[in-house]
Amino acid sequence: MILRPKFKAKMPIEAECISPDILAEKRIENLEVYHGNKRRKLSDLFEILDVKTKDVRIEGDVGNVKYIGAKMRSGKIIIDGNAGMHLGSEMEGGEIFVEGDAGDWVGAEMRGGLIRIKGNAGNLVGAAYRGSKVGMRQGMIIVEGDAGHEIGERMKRGIIAILGDVASFAGAHMKGGTILCFGNMGERTGAEMDRGTIIAFNPLQLLPTFHYNATYNPVFLRFCLRELRKYDLPIADEHITGRYERYNGDLTELGKGEILVWKG
Amino acid sequence: MIHEHVVCPFCGCLCDDLEVTVEDGKVVNTKRGCIIAKSKFMNHDRDRAKPMLRKDDELIGVSIEEAMDRAAEILRSADHPLIYGLSSTECDAQRAATELAELVGGTIDNTASVCHGPTLVSVQAVGVVKCTLGEIKNRADLVIFWGCNPGEAHLRHFLRYSVLSKGLFTQEGRKDRTVIVVDVRENASTKLADIFLKIRPNSDFEIISALRAAIKGHEVGDVAGVADGTIKEVAEKMKSCKFGVLFFGLGLTMSKGKHMNIDAALSLVRDLNDYTKFAINSMRGHFNVAGANEVLIWQTGYPYSVNFSRGYPRYNPGEFSAVDVLSRKECDAALIIAADPLSSFPLRASEHLAKIPTIVIDPKNSMTSLVAEVVIPTAMVGVECEGTAYRMDCIPIRLRKVVEPEFPSDKEVLEEIIEKVKAG
Amino acid sequence: MIRMEVVLISGRTAKQGASLEVGKTSEEYFENVAVIMMNEDDMKEIGVQEGEPVKISTEFGSTVVKCKKSEVNRGIAFMPYGPWVNMVIGMDTHGTGMPSYKGAKAEISATDENVLTVGEIVDLIRRG
Amino acid sequence: MMIKNGTVYDPLNGIDGERMDIFVENGKIVEESKEKEVIDASGLMVMPGGVDIHSHIAGSKINIGRLLRPEDHRKDVVPRTEITRSGVGYTVPTTFVTGYRYAELGYTTVAEAAVPPIGARHVHEEFADTPMIDKMMFPLMGNNYFVLKYIEEDEFEKLKNFVAFLLNATKGYAIKMVNPGGVESWKWGKNVESLDDKVENYDVTPREVITNLAKVNEELGLPHSVHVHCNNLGAPGNFETTIETMSALRERIHITHIQFNSYAGEDWASFASGAPEVANYINKNEHVTCDVGQVVFGDATTMTADGPWQHTLYKLTGNKWVNSDVEMETGAGIVPYVFRERNLVNAIQWAIGLELFLLIEDPWRVYLTTDHPNAGPFYHYPKVISWLMSNEKRGELLAKTHKGVSKMTTLSDIDREYSLYEIAIITRAATAKALGLRDKGHLGIGADADIAIYKLEDDFERSFSRAKYVIKDGEIVVRDGKIAKGHLGRTFWVDAGGEATDEIKEIFSEYYTLNFENYPVQEEYLPRQEVISCK
Amino acid sequence: MQIDGVEIEDTFAEAFKMYATRVLITAKNEKWALASAASMTGFSTSVIMCGCEAGIECEVPPEETPDGRPGTNVLVFAVSEKDLETQLMRRIGQCVMTSPTSACFNNLEGDIKITIGGKLRFFGDGYQISKLLGKRRLWRIPVMEGEFVIEEKFQAQKAVGGGNFLILGKDIDHVLEASEKAVDAIKKVRNVIAPFPGGIVRSGSKIGSRYKFLEASTNTAYCPTLKAMVESELPRDVNSVLEIVLDGLDVESVNEAMRKGIEAACSVDGIIKITAGNYGGKLGKYLIHLHELFGD
């Protein structure tokens with residue numbers, strides 16, 4: 001299915017109905033979206049073409065469209081332009097590909113599936129919504145550009161890989177899972193983490209409440225990185241065979257989280 | 001005529017012992033209040049707003065009825081209106097504003113967004129161990145001020161509540177207490193401190209984290225320019241006091257880390273309760289910003305940044321917060337009440353207010369009213385009309401009225417607009 | 001001209017609080033809010049005297065206010081909350097709703113430019 | 001209005017399922033009405049409106065609970081309609097939703113059971129935004145400075161005067177005690193562990209607080225008894241404290257959410273039911289009434305003035321924790337909690353509640369509550385009703401719970417089933433009676449026309465979940481389980497005299513941070529009030 | 001029938017249902033992968049006394065292992081899921097976790113899941129770390145050398161144990177040579193191990209004994225030194241017999257290994273006959289007819 005945006009205004013649009021499961025099951029023309037406080041039909045805002053293909057392609061910029069692919073369970077969404085907030089939030093399965101940038105809360109409280117952003121992502125990628133105990137629970141998020149603050153906040157399982165830089169507080173309150181950053185990591189990485197793994201391929205500023213343990217070649221990481229190569233990430237042989245400094249923290253909390261810093 | 005036990009409607013201290021002398025309907029003197037209180041009462045009639053509408057790019061005087069009609073029309077036809085402000089008005093007006101936001105399917109936000117919003121977000125994450133100000137007056141033997149400056153911002157706080165006050169178990173007042181001030185600069189509050197911990201700007205999170213680790217017995221060394229020994233000393237004082245309190249302000253909420261700074265501070269105090277009794281209280285700025293949060297919470301479940309575009313309340317700071325809604329140019333109309341975003345928001349965020357029809361409801365002229373489409377003057381809350389306000393520790397107090405208003409109250413104006421929106 | 005990097009802090013002052021109750025367009029407000037407090041040595045370094053205008057620039061914009069001596073450490077400058085400091089504050093809240101009012105990196109230098117009045121700032125806003 | 005041909009359950013008037021007509025005029029039940037409006041209640045059950053004797057619905061503590069739980073609110077959103085305001089539900093509903101949901105269940109009167117006096121104004125503010133139901137609130141007194149001081153100084157008359165003053169100043173309805181003495185000790189991080197421990201810094205024991213306030217209660221002639229949340233709540237083995245508390249006095253006493261105080265065992269590993277012992281005492285002693293605080297599995301938000309217990313619960317769960325101490329008066333704690341069927345302790349707690357309902361023989365002295373939102377939200381009452389009315393329903397759930405329940409409780413041995421008449425007792429008639437609300441909880445002439453009409457279906461839970469009609473003050477406010485009309489109920493409070501003595505004023509100016517003159521709740525906060533005078 | 005002039009008796013090997021898993025041990029280099037595997041498969045010739053039957057299936061090149069290091073596949077067979085679990089716990093715990101640089105992965109897709117890493121993790125004394133990658137959960141257990149990585153669950157399947165054939169020849173030298181050749185051939189077959197020392201067993205057994213306390217005793221019918229004392233199955237010119245016992249993940253693999261093994265054995269001079277051990281077909285689930293192996 002192809003969706004072509006017809007709207008111009010910056011007014012937020014909410015369209016969690018843009019999800020392959022829903023589009024396959026329901027009558028498309030009647031699907032509801034919100035444009036500001038006005039209830040509209042999907043067809044009011046999008047030209048809908050090629051209805052029979054199950055994959056959904058959005059041709060155009062939907063940077064103000066929120067909740068695309070939220071709670072989706074299967075299928076594929078491809079967005080040619082930018083995507084708005086809450087992309088793939090709470091998604092359980094399937095795949096989302098974005099050619100441009102994505103807003104905040106990409107894959108928030110995600111439970112499975114794959115999100116891949118070619119451009120940059122906003123803040124709180126894979127995070128928990130305010131007040132929630134647990135963020136991302138499973139699945140994978142890949143951001144080829146940069147990502148904002150608090151990515152992977154309270155994540156429990158799953159993988160977030162950022163090819164560019166990330167801002168501050170990556171992995172804050174993390175409870176498990178793995179964050180990899182191929183660019184530079186911002187300040188206060190891993191703040192208040194209980195458990196989980198943050199892998200930095202470049203040197204970073206660590207909080208005083210992280211303590212150095214050892215330098216070694218972690219076997220699990222070899223496994224992990226070899227698996228991730230399947231996703232076309234820039235993993236060099238040296239990343240697999242190289243040595244990493246292991247820091248544990250955050251000592252303010254449980255302190256069983258780890259930051260592994262690649263040393264070559 | 002002398003009005004006693006008057007409540008000051010300026011800051012979150014809500015001092016309720018003012019004496020205000022009114023002669024011929026004018027305030028001629030105040031007693032016991034701070035200089036800001038005095039200024040507020042004495043100048044209440046200066047620079048007052050008049051009902052105005054923008055026509056041909058000029059604000060021109062109209063009747064208040066006309067202004068309210070236009071306001072209702074703007075809100076009714078908007079697809080995504082923003083209602084913002086509310087911290088300098090009373091709770092009934094805040095209730096009406098919430099109802100209005102619900103009615104027009106808009107976003108409602110209060111000034112907590114740019115003061116203690118991060119605190120509220122952190123409370124939602126870790127909880128909070130707090131107490132009313134009287135507990136501090138009666139019990140606290142260790143008082144810490146972190147990133148707040150009551151000496152300039154809450155002028156009678158030391159006297160009435162936190163430092164000089166004498167109470168049940170603090171009969172000696174100041175002598176019974178150790179005072180620690182943590183700040184990036186010397187200021188009016190640091191002079192009062194037994195220990196002034198001067199820290200580098202933006203290092204709060206690291207230092208709080210270090211204290212937390214030290215309290216749990218971990219070694220952290222020197223942190224952000226603060227010596228290991230100092231951290232251990234402060235940590236030890238915290239653990240060994242009988243009743244400690246940490247007051248914090250915008251020095252934590254606005255500097256790098258924002259809600260995570262608070263998260264760390266709340267956690268620090270929570271952890272201290274494994275060893276002694278310790279509380280943490282936020283220094284709220286505007287006199288009823290706490291009430292704005294309380295009202296919105298009981299009506300919607302959320303303290304600020306609430307959106308009604310789907311007919312039910314949703315919450316998300318960063319998404320439905322006023323600065324973000326304006327920065328992203330997502331609203332097509334705005335109602336500003338009891339706040340002045342033009343003087344408090346980043347300039348670039350304010351610009352959108354000048355582009356869309358903006359309604360300002362305020363007793364005084366403000367910067368925002370200068371770019372408004374509609375200006376509706378109201379009675380000054382706590383001076384010209386009564387109402388409830390919540391002190392910084394969330395104790396509700398009834399504001400008093402000392403002079404007669406020329407214009408209706410915020411509540412009355414909002415209720416009138418609600419009726420007009422419904423009728424339309 | 002010497003430009004100096006500082007960490008810019010904004011905050012409430014009693015005078016700012018008292019004068020805003022007089023009115024945002026009042027002389028008191030202008031006098032008390034369109035100011036920056038600096039360390040004396042820093043003022044010397046950029047070559048300004050008490051009361052002279054300085055220009056403050058950040059990645060988000062620039063503003064001109066009068067400079068005042070203060071006890072702050074070198075490398076730190078303080079401005080009261082208000083429209084002048086808002087001209088140099090970024091609007092990105094990083095998903096929190098709260099802009100970074102405190103702790104921004106700024107450059108300060110002497111200037112011959114005038115301090116804008118509230119009215120001029122409003123015009124600036126209205127022009128976008 | 002005439003409610004025609006309904007099957008009426010009105011225990012206070014001894015009516016058990018009789019088919020009859022009820023007439024309503026001017027908000028009251030009358031002998032006969034000339035009004036033309038007729039509700040055909042054929043085949044429907046007609047009961048007085050429900051009266052909840054213990055719930056947490058308004059005020060500072062519940063509002064912090066709301067603040068604390070945005071993650072909950074998201075799961076249960078309530079859009080606005082032409083008649084109703086929007087809000088959120090789940091464990092800590094907003095004020096409007098609280099009113100609507102109570103009304104939809106057929107409840108028309110609810111008591112907010114724990115209010116810090118200095119926060120009374122806040123409660124009344126929220127009451128004004130809690131539609132549909134009549135309300136009342138119980139100010140907390142068990143740790144109040146004046147109470148401790150006057151007991152310590154043996155100044156009974158001053159104590160009595162102060163209590164009366166406080167009811168008046170707060171517009172309160174009854175004397176509430178929560179962990180008497182323990183909350184004051186908690187202000188130094190401590191607690192009391194028995195009735196005879198000394199309160200930190202006071203020469204007073206919890207026993208003295210309870211007995212003195214009970215005596216005050218009777219001497220003032222307050223409509224309700226003292227309303228007591230016992231010491232040692234939540235702790236294994238606490239049933240002994242509970243029995244000791246009840247036997248400490250002969251005056252009327254209401255033990256609230258007694259389930260949380262009926263635990264046997266030495267520690268969590270040996271946790272077991274103490275319900276039979278507690279029920280046995282109550283069966284033999286008429287001066288005691290109780291409500292259960294029945295556990296309903298699922299999400300809850302625990303909130304109580306019992307600060308030390310909430311700290312324990314935080315340490316047990318690791319969940320987020322709020323503590324809020326209130327000057328001179330009390331404290332509060334909040335911790336989110338999940339009751340899980342498979343958790344042995346939780347399952348035993350669930351069973352203990354039901355044991356108490358089933359082992360206490362006199363339904364007039366055991367009332368339905370979940371201590372909302374502590375043991376579960378109030379709108380699960382129909383679930384509890386279904387467990388009480390059907391042994392089979394209980395059995396179904398028992399089978400899903402942890403296997404240890406049968407060993408540690410007697411639940412599986414009990415086959416008693418409640419009748420509709422008994423349900424009407426424990427949900428309205430007896431609670432109204434215990435609260436001393438003469439015009440509530442029955443359908444006799446002169447009673448308030450608060451009426452709930454249900455359609456009895458096979459499934460008791462469904463029958464009581466959505467009332468077919470609810471009549472409040474003589475008007476139909478719920479139709480087919482949905483709000484049909486907005487309504488602002490009354491606030492009941494008790495005028496027991498009492499005056500602010502110079503001593504009280506002086507202490508205020510010394511130790512409170514609020515001026516005495518700004519302390520009492522002003523008339524403006526009670527847009528619809530009903531004052532009950534004592535003596 | 002005959003192969004290379006050796007008579008293949010028209011009989012069948014009787015094999016049993018077993019449970020098996022494949023464990024991949026990786027290490028810094030082949031040497032340590034093998035050392036760990038050798039240790040893990042030690043003393044595992046027969047379920048009767050050893051609890052399981054285990055052997056090295058093959059070496060695995062680094063490109064094919066999950067962590068990119070050299071590896072060794074080990075197959076472990078036991079008569080019940082429970083026994084398999086017990087043996088894996090003991091052997092991985094004592095022989096893999098203890099071995100320098102080793103890691104231990106499941107390398108079988110089966111419908112039975114046995115928690116091993118999920119239990120061994122407690123050795124980490126609270127410092128163990130779990131990692132979920134896709135559907136695989138690994139445990140990282142801190143050890144003195146670094147970290148021991150082990151998969152949470154190992155998968156197992158029903159398998160075949162006790163495939164066998166007997167090589168009858170004129171003397172021990174020839175029989176041993178034939179047996180070694182057979183074992184070499186069998187090693188090339190996947191999914192199969194020969195659990196006895198060097199893959200060969202000399203002490204075949206029969207059910208029962210004259211001693212009441214023994215359930216099995218030496219296979220007298222095939223002992224050349226008793227040819228005249230018992231009802232012997234051995235022709236006159238046979239002076240030595242060795243047996244190859246096979247366990248395989250499936251019967252096809254066992255058949256393949258039997259075939260390859262017998263062919264290799266028959267290529268040696270001095271081999272007189274190939275036969276197989278059975279209990280009259282009453283006990284085992286699988287009957288592997290020797291002639292059928294060769295297309296008859």
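**Two interfaces in a predicted model**

Across the interface of domain 1 of chain E and domain 2 of chain E, 3 residue pairs are in polar contact, both residues at pLDDT 80 or more; a polar contact is a pair of N or O atoms within 3.5 Å, where within protein one must be able to donate a hydrogen and the other to accept it, and residues adjacent in sequence count only if both atoms are side-chain atoms. This is a predicted model, in which local features need pLDDT of at least 70, side-chain atom pairs count only at pLDDT 80 or more, and totals for chains, interfaces and linings use all residues. Residues are numbered from 1 along each chain as its sequence is written, chains are lettered from A and ligands numbered from 1 in the order in which they are written, and side-chain values use heavy atoms, with hydrogens and water left out.

The area buried between these two domains of chain E is about 1000 Å², with 63% given by carbon and sulfur atoms. Buried area is the accessible area (1.4 Å probe) that two parts lose on being put together, summed over both. E:Ile193, E:Pro195 and E:Leu249 supply 50% of the area that domain 1 of chain E buries against domain 2 of chain E, more than any other three residues.

The second interface joins two chains. Between chain C and chain B, about 4400 Å² is buried, and carbon and sulfur atoms give 61% of this area. The count here is 3 salt bridges, a salt bridge being a side-chain nitrogen of Lys or Arg within 4 Å of a carboxyl oxygen of Asp or Glu. C:Arg126 forms a salt bridge with B:Asp57, and the closest N and O atoms are 2.3 Å apart.
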